[in-house]
Structures are given as structure tokens and as C-alpha cells.
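Colleague: I have a new model open and would like to learn how to read it. Could you take me through it feature by feature?

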Amino acid sequence: MSPAKTAEPAVRERAQLGEGPTWDDATGRLIWVDILGSRVHTYDPATGRRTVMATEQHVGAAKPRAGGGLVVNLRDGVASYDAEGAGFRWLLHDPVPGRRGNDAAVAPDGSLWAGTMRYDEAPGGGTLVRLAPETATAAGARAVTEIFPSVTVSNGTGWSPDGRLVYYIDSPTRRVDVCRMDGQLPAERRGLVRIEDGAGFPDGLAVDADGCVWVALWDGGQVRRYTPDGTLDRTITLPTSRPTACAFGGPGLRDLYITTARTGLGENAHPYAGSLLVVPDAGQGLATPAFGG
């Protein structure tokens with residue numbers, strides 16, 4: 001294994017459920033959300049400048065759009081904001097009582113893969129769908145394809161450097177799964193990694209330029225790096241027990257940013273719980289596309 005790296009706070013925050021770090025190469029900013037706080041945060045590591053935008057509902061993920069602005073995975077569906085944080089518009093309005101949007105990812109073809117889960121985490125109550133990048137109708141609706149119709153807590157999604165594989169996490173399974181891409185959709189889903197009992201639950205993930213998969217372990221206080229054959233080859237131990245997701249950003253995509261949560265920790269919460277952490281020069285990330293809409 002490689003030498004241990006240390007995480008430090010990039011943004012000290014008390015987010016209830018920090019999630020979904022995403023590097024926006026066009027603006028040189030990191031985007032992340034506080035799901036339960038209904039907030040979208042941005043952070044510019046070059047200047048230290050931060051912004052915070054309130055959303056209409058709990059927000060599971062926010063990603064940059066190719067035309068500027070953001071696409072957001074909300075409680076009742078997927079919507080967009082323009083570059084000024086205004087111009088709200090539904091792209092997929094699909095409210096289901098007791099369900100909300102969770103993690104999301106942009107595929108190499110510019111489509112958005114958006115996950116959902118029930119607030120009570122009822123088994124099979126979540127989904128993963130694909131929103132096409134191009135507008136399907138004059139009204140702005142998107143072509144939607146159901147990828148996984150019955151999951152529990154839809155979480156990390158990411159693609160191999162050549163785009164031929166997609167990795168996916170349904171957290172309660174304790175697995176990181178991998179599928180072969182068959183055109184625009186996944187095929188032949190199988191388990192790549194199983195997180196051992198007592199080590200926490202896999203949450204968000206990032207894929208690096210070597211094709212290795214970095215996984216945040218909720219209640220495990222770690223981010224782990226697995227090789228494409230599923231071998232553990234690096235572990236970063238964190239000061240707080242509930243990391244949620246990770247992404248590469250900063251100059252040259254060398255720094256690993258990690259979102260964390262305070263929810264459920266009470267008086268046991270570490271001072272950094274809810275903050276955005278960073279591991280400088282952790283590896284070599286991949287550029288991720290903006291949503292093509």
C-alpha cells in the first residue's frame with residue numbers, strides 16, 4: 001500500500017448531511033450539498049471564496065450544466081437553475097410520498113444518473129434513472145430511462161477511464177458493484193468489493209485516472225481505494241466517522257475532497273463533522289463532464 005495521507009478541513013461547516021462533492025472545471029470551484037439543510041455550497045480553493053444557495057427542497061446532488069448553471073436532484077425530481085441561481089425549472093417531476101433524491105453522477109455521454117431513496121430507507125424503495133442530455137420536448141422534458149427500479153439507498157456512481165465500466169453502490173448491500181456498459185446502459189451487474197462487517201457502509205465513490213475506485217465509508221471513518229480487480233491498496237483514516245462521498249479537484253485534479261455529516265452523531269460529533277475535508281496530492285483524478293443540458 002501507498003504511504004498514508006492525512007485529511008484536513010478545506011471548509012469548516014456544520015452541514016447536517018454533506019454530500020456529493022463535484023469539481024467544476026469551468027469555474028475552478030468545488031460544488032457540494034447539505035441534503036437535509038437544503039443548501040448547495042461552492043468553494044474556490046484558489047481564493048477561499050464560498051457561496052451558499054438555498055433550494056426549494058432537500059437536495060441530494062448538484063452538478064454543473066454544460067450551458068451554465070446547475071442540475072439538482074431534489075426531493076420531488078430533477079430540476080435546473082441558471083448561472084445566477086435563478087430560473088428554476090423541473091426536468092423530471094416525479095414526487096413520491098416519503099421518497100427523496102440522493103446521489104447523482106454525470107456519465108461520459110453527458111447524461112445524468114440520478115438516484116432516490118426513501119426517508120425510512122425501506123428496502124427496494126429507491127431507484128436509479130438516466131436523464132438524457134438532450135431536450136426531448138419543446139416543454140423541456142427529458143427522456144428518462146429506468147436503470148435500477150428497486151434499490152434501497154442509491155449512492156455512488158462512476159465510470160472507468162475508458163467509459164466501458166460503471167461502478168455503483170446501493171449502500172445497505174455493503175457492496176461496490178460493477179457493470180459493463182452496453183451502449184448507454186449497464187449490463188451484467190456483479191459485486192466487485194464487499195465491505196466487511198464493522199467497517200461501515202459504502203457511500204459515495206470516485207474513480208481515478210488509474211481506474212481505481214475510492215469509496216467513502218459511512219460509520220467507518222475512512223476513504224478506501226480499490227484497484228480495478230477489487231484489491232484494497234490504500235486507506236485514509238478520517239477524524240470524523242461519517243464521510244459521505246469524495247471527488248478529485250483543485251490544480252491538476254490532484255486533491256481529494258471529502259464531504260461529511262453530523263446527522264445522528266449528537267454530542268459525539270467530531271468538530272470537523274459536517275465540514276468539507278481535503279487530502280492534498282492524494283492521487284490523479286479524472287475530469288468529469290457537465291450535464292449536457
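Modeller: Gladly; let's begin with a strand. Helices (H or I, at least four residues) and strands (E, at least two) are DSSP runs, numbered from the N terminus, and buried means under 20% relative accessible area, exposed over 50%, partly exposed in between (1.4 Å probe, protein chains only). Strand β24 (residues 276–279) is covered on both faces: L276 and V278 are buried on one side, and L277 and V279 are buried on the other.

Colleague: Before we go on, what kind of model is this, and how are residues numbered?

Modeller: This is a predicted model, in which local features need pLDDT of at least 70 and side-chain atom pairs count only at pLDDT 80 or more, while totals for chains, interfaces and linings use all residues. Residues are numbered from 1 along each chain as its sequence is written, and side-chain values use heavy atoms, leaving out hydrogens and water.

Colleague: Which strands pair with β24?

Modeller: As a general idea, two strands pair if DSSP finds at least two bridges between them. Here, strand β1 (residues 8–11) pairs with β24 in the antiparallel sense over three bridges, with V11 opposite L276. Strand β23 (residues 255–260) also pairs with β24 in the antiparallel sense, over four bridges, and Y257 stands opposite V278.

Colleague: How many helices and strands does the protein chain have?

Modeller: The chain has zero helices and 24 strands.

Colleague: How would I read a hairpin, say the one made by β20 and β21?

Modeller: Look at the pairing, then at the turn. Strand β20 (residues 222–226) and strand β21 (residues 232–237) run antiparallel, joined by five bridges, and Y226 stands opposite L232. Five residues lie between the two strands, and G230 in the turn has a positive phi of about 90 degrees.

Colleague: Are R174 and D219 buried or partly exposed?

Modeller: R174 counts as buried because its relative accessibility is 14%. D219 is partly exposed, since its relative accessible area is 38%.

Colleague: What does L238 touch?

Modeller: Contact means heavy atoms within 4.5 Å. L238 is in the loop between β21 and β22 (243–249), and its relative accessible area of 9% makes it buried. Leaving aside neighbours within four places in sequence, its contacts include A7, V223, I258 and L277.

Colleague: Where is T127, and what surrounds it?

Modeller: T127 belongs to strand β12 (residues 126–135) and counts as buried at 11% relative accessibility. Not counting residues up to four places away in sequence, T127 touches several residues, among them R99, F148 and V151.

Colleague: And what does the whole chain look like?

Modeller: Its C-alpha trace spans about 55 × 45 × 40 Å along the principal axes. Buried residues make up 56% of the 293 residues. Among contacts between residues at least 6 apart in sequence, 45% join residues at least 24 apart.
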